[in-house]
Amino acid sequence: MRRIVSAALVAAAISIAPSPAPAADRLAPAAGIHVDGTRIVESTGDTFVFRGVNHAHTWYPQQTTALADLKSLGANSARVVLASGKRWTRNETSDVAAVVAECKRVKLICVLEVHDTTGYGEEAAAATLDEAVTYWISVKSALDGQEPYVVLNIGNEPYGNTGAPAWTAATTSAVQRLRAAGFGHAIMVDAPNWGQDWQFVMRDNAASVFAADPRKNTIFSIHMYGVFDTAAEITDYVGRFQSANLPLVIGEFGHLHSDGDPDEDTILATARSRGIGYLGWSWSGNGGGVEYLDLVTGFNKNALTPWGARLFNGANGISATAKEAAVYGGAPTDPPPASSCSATYAATGDWGAGFQGAVTVKAAAGAITGWTVTWTWPDGQRLTNSWNAVVTGTDAITARNAAYNGSLPAGGSTTWGFTASRGSANRAPTPTCTAS
């Protein structure tokens, strides 16, 4: 596959599975943000769902009002770009402390990340994860005691497309080294492949990385750009983490990118229906052809771009879904909305070369007005016909309700059917359902 470059890298270049281990096998997390299955939980015991924005602090340190400004538009969190000194000018301990203090002053949960690791293995100037850990240890005094307010994102997009399988061992080592140094914070780890994990290294090895964390307090971060341009790809990726009972956030995403056209509507809808966090890229200052990823023009909070208007004020966006962290006095975050649904897949007939199947869609505790079911066939099957749904794709399936069966009462269900050519073992896929 062609090289995939994140918006973060382009902006920077121009200066801009098994379930987790039982509780008895864990060290108790520090009195701060921590993981409980798929949920991110505050020190108060309340669920926290990231609804935030990336801010390129290390390239724009003079933009001292940025965090307050994005908070004023409704964000409850910010992912703040820092530099270790390997590739960009180092953010010293005093600066890190100032960023944390500002996040707390304006009541944001602060995700701090080292950007120098971007594209390691493919980008000659990039730092290793081990070098990023050395940086975090050097600024530890600015982070001690901040566990209720700060998540430590070890390194941005720590591998390109070259050498991505090394991500598992390198990430495991980095997490364990931070724990040995005394960090009790929730730790966030980015995927390889410039953050987009198209080789599924993070997806397929997340459980082992999580298990290797003595505190079982690791959050996985996927960056969604051109790789995630269909609903099926988005819902399948998210669904696999939730099925494995592992915490996932969408640490970066955009509405457009030079490597393709991400499906931001499905990203936002899926994040809301499944109760997972997202942080859009980025507040302002992009260049090199991706200026359209600025959420505001010229760091002016009153000058929303089309992308900014979509993320802050559109359907399933920040204004509609963000809740201030309970540690700052915000109201507790609700669980995923009652207007959710499930999909049950069954093979109902088989004639050797092909088979027939049925999918039952069921509304959860609240009524729904529409539904979308997605999956990717695991065994080479191909769709040949369908009824009672509007279906696109033959191997990656996206099925939407017909005009007459989208509205379902709480607990109500409907069934749609299909025929398909048979795979070698005809293993069943894992469908996911998104309600509207």
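These legends describe close-up views of a predicted model.

**View 1. The closed barrel of eight strands.**
The barrel runs β3-β4-β5-β6-β7-β8-β9-β10, with parallel pairing. Neighbouring strands of this sheet are turned against each other by 25° on average, direction ignored. Strand β3 (residues 51-55) pairs with strand β10 (residues 277-280) in the parallel sense, over three bridges. Within this pair, Arg51 stands opposite Tyr278 of β10.

Helix α3 (residues 93-105) lies across β4 (77-82), β5 (109-114) and β6 (150-153). The direction of α3 is at about 155° to that of β5. Helix α5 (residues 167-180) lies across β6, β7 (186-190) and β8 (218-224). Here the angle is taken to β7, and α5 runs at about 160° to that strand.

**View 2. The contact of helix α5 with helix α6.**
The axes of α5 and helix α6 (residues 201-212) come within 10 Å and cross at roughly 30°. Angles under 35 degrees count as roughly parallel, and α5 and α6 are therefore roughly parallel to each other. Their crossing is right-handed. On the α5 side the contact is made by Trp167, Thr168, Thr171, Thr172 and Gln176. On the α6 side Val201, Met202, Asn205, Ser208, Val209 and Ala212 take part. By class, the residues of the contact of α5 with α6 divide into five nonpolar, six polar and no charged.

**View 3. The contact of helix α7 with helix α8.**
Helix α7 (residues 231-243) and helix α8 (residues 264-274) have axes that come within 10 Å and cross at roughly 25°. It follows that α7 and α8 are roughly parallel to each other. The crossing of α7 and α8 is right-handed. Helix α7 contributes Ala231, Ile234, Thr235, Val238, Gly239 and Gln242 to the contact, and α8 contributes Thr266, Ile267, Thr270 and Arg274. The contact of α7 with α8 has four nonpolar, five polar and one charged residues.

**View 4. The open sheet of four strands.**
The strand order is β11-β12-β17-β14, with antiparallel pairing. Strands β11 and β14 (382-387) are the edge strands, each pairing on one side only. From one strand to the next the twist averages 25°. Strand β14 pairs with β17 in the antiparallel sense over five bridges. Leu383 has Ala420 of β17 as its bridge partner.

**View 5. Strand β12 and its two partners.**
Strand β12 (residues 354-363) is mostly covered, with seven of its 10 residues buried. With strand β11 (residues 341-350), β12 pairs in the antiparallel sense over nine bridges. Ala343 stands opposite Val361 of β12. The hairpin of β11 and β12 has three residues between the strands, and in this hairpin Gly352 takes a positive phi near 90°. Strand β17 (residues 413-421) also pairs with β12 in the antiparallel sense, over nine bridges. Trp416 in β17 is the bridge partner of Val359.

Strand β13 is mostly covered: five of its six residues are buried. Strand β18 (residues 432-435) pairs with β13 in the antiparallel sense over four bridges. In this pairing Val373 stands opposite Cys433 of β18. Strand β16 (residues 396-401) is joined to β13 by five bridges, and the two strands run antiparallel. Ala396 in β16 is the bridge partner of Thr376.

Thr372 is found in strand β13 (residues 371-376). The relative accessible area of Thr372 is 19%. Buried means under 20% relative accessible area, so Thr372 is buried. Leaving aside neighbours within four places in sequence, Thr372 is in contact with Thr398, Ala399 and Arg400, as well as with Thr432, Cys433 and Thr434.

Notes
Residues are numbered from 1 along each chain as its sequence is written. This is a predicted model: local features need pLDDT of at least 70, side-chain atom pairs count only at pLDDT 80 or more; totals for chains, interfaces and linings use all residues. Side-chain values use heavy atoms; hydrogens and water are left out. Axes are lines fitted to C-alpha atoms, for helices over the stretch in contact, and angles run from 0 to 180 degrees between N-to-C directions. Angles under 35 degrees count as roughly parallel, over 145 as roughly antiparallel, 65 to 115 as roughly perpendicular and the rest as oblique. A crossing is left-handed if the near helix is turned anticlockwise from the far one by less than a right angle, and right-handed if clockwise. Contact means heavy atoms within 4.5 Å. Ala, Val, Leu, Ile, Met, Phe, Trp, Tyr, Cys and Pro count as nonpolar, Asp, Glu, Lys and Arg as charged, and the others, Gly among them, as polar. Buried means under 20% relative accessible area, exposed over 50%, partly exposed in between (1.4 Å probe, protein chains only). Two strands pair if DSSP finds at least two bridges between them.
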